[in-house]
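Hello,

Here is the structure I promised to pass on to you.

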Amino acid sequence: MSRSLADACDPRVARAAEVDKKPAFALVIPALNEAATIRDVVSRALVQIDTVIVVDDGSHDGTGQALDGLAAVVLRNQYTCGKAASLRRGIAYALGAGVAAVMTLDGDGQHAPEDIPRLIAAYRRNPGMIVIGARLHDTRKIPRSRYLANRFANFWIAWAAGYALNDSQSGFRLYPAQVLESLHVVHNQSRGFVFESEILIDAARSGVRSVSVTIPAVYRTDARPSHFRPVLDILLITRMVAWKLLSRGLYVSGLIRSLQRSDRVSYDYESSEVSNNAERG
Ligand SMILES: Nc1nc2c(ncn2[C@@H]2O[C@H](COP(=O)(O)OP(=O)(O)OP(=O)(O)O)[C@@H](O)[C@H]2O)c(=O)[nH]1
Ligand SMILES: [Mg+2]
């Protein structure tokens, strides 16, 4: 990797940002060629949260320009650094602002910013825990192949994490600042979609689990092609998980615990009530 490329992807560059007030929460949106949806997503997000940070990952479709005039921070990577590196850059910026927790959501419109308060409410009830917007209850709306791929990933990641997970692949999350500051998950270009799985495993190993809030699954028929490469990205995730399992002698106790669903906490979409073992479908 050339030096300029490394610099462009380095989250420390963002730490230099001048921030003079301390919001409690910030939202980070990684965006690669999301001109069609990003303005709508960010406008709606700004209704919910003051600090919205978009990391335009070297887009060439005008993603950054689509945000002109909006009160969002736009960090632009000179090159496409990948989802993980972009998240990390946005997160570093948010932590530099002194937030208590950082939220993330995707820029393609699959997550409704209107659900932000529900994730924050779950965090307030479970301080210190990661909150995940979980979609897998919505089986009718998820394309079969994506559903099975998600279930496959879930099984392995829950095993390595040692507890049951509702949706390990959702990009709609809330991370307590302490968790982000204490973990050092690899976030280079080749780890694009691995980072979000790995952070759940590493957090679990440091004693931090997640709770989930059910959110609707949104799959539009006119959506742009996915950046997720089903074969390669699942292979990369599986390799990371296999390594973690091998390094713990297969972690059989983790497998057993991951199959026990009784300690799951889920917040139901309609009622926002807490229920145990609330996963449906
Ligand atoms: N910064 C950055 N963001 C990316 C990259 N790849 C994907 N993203 C962003 O990550 C989010 C999720 O990417 P998607 O391609 O929608 O992946 P997905 O939601 O897991 O898959 P689908 O369900 O098929 O949409 C979107 O906001 C993308 O713009 C990347 O290389 N760099
Ligand atoms: Mg998507």
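**Proline 23 and its surroundings**

Let me start with proline 23, which counts as partly exposed because it has 15 C-beta neighbours inside 10 Å; a buried residue would need 20 or more, and an exposed one 12 or fewer. Please keep in mind that this is a predicted model.

To find proline 23, look in the loop that runs between helix H2 (11-15) and strand E1 (25-31). Leaving aside residues up to four places away in sequence, proline 23 touches Asp50, Thr51, Ala97 and Val99. Take valine 99 from that group: 76 residues separate it from proline 23 in sequence, yet the two lie 5.5 Å apart in space, C-alpha to C-alpha.

**Around the ligand**

Next, which residues come nearest to ligand 1? They are Asp57, Ser86, Gly107, Ser226 and His227, out of 20 residues around the ligand. Two or more residues of this shell come from each of E1, strand E2 (52-57) and helix H4 (83-96). Sorted by class, the shell around ligand 1 holds nine polar, six charged and five nonpolar residues.

**Confidence**

Finally, a word on the pLDDT. The protein chain has an average of 87, and 85% of the residues score at least 70. Over residues 16-20, however, the pLDDT is below 50, and this stretch has four contacts in the model beyond near neighbours in sequence. Residues 270-281 also stay under 50, and for them the model has 23 contacts beyond four places in sequence.

Enjoy exploring it!

Best wishes

Definitions and conventions. Residues numbered from 1 in each chain as written. Chains lettered and ligands numbered in written order. Predicted model: local features only at pLDDT ≥ 70, side-chain atom pairs only at ≥ 80, totals over all residues. Helix = DSSP H or I, 4+ residues; strand = E, 2+ residues; numbered from the N terminus. Contact = placed C-beta atoms within 7 Å. Near = placed C-beta within 6 Å. Nonpolar A, V, L, I, M, F, W, Y, C, P; charged D, E, K, R; others polar. pLDDT = per-residue confidence, 0-100.
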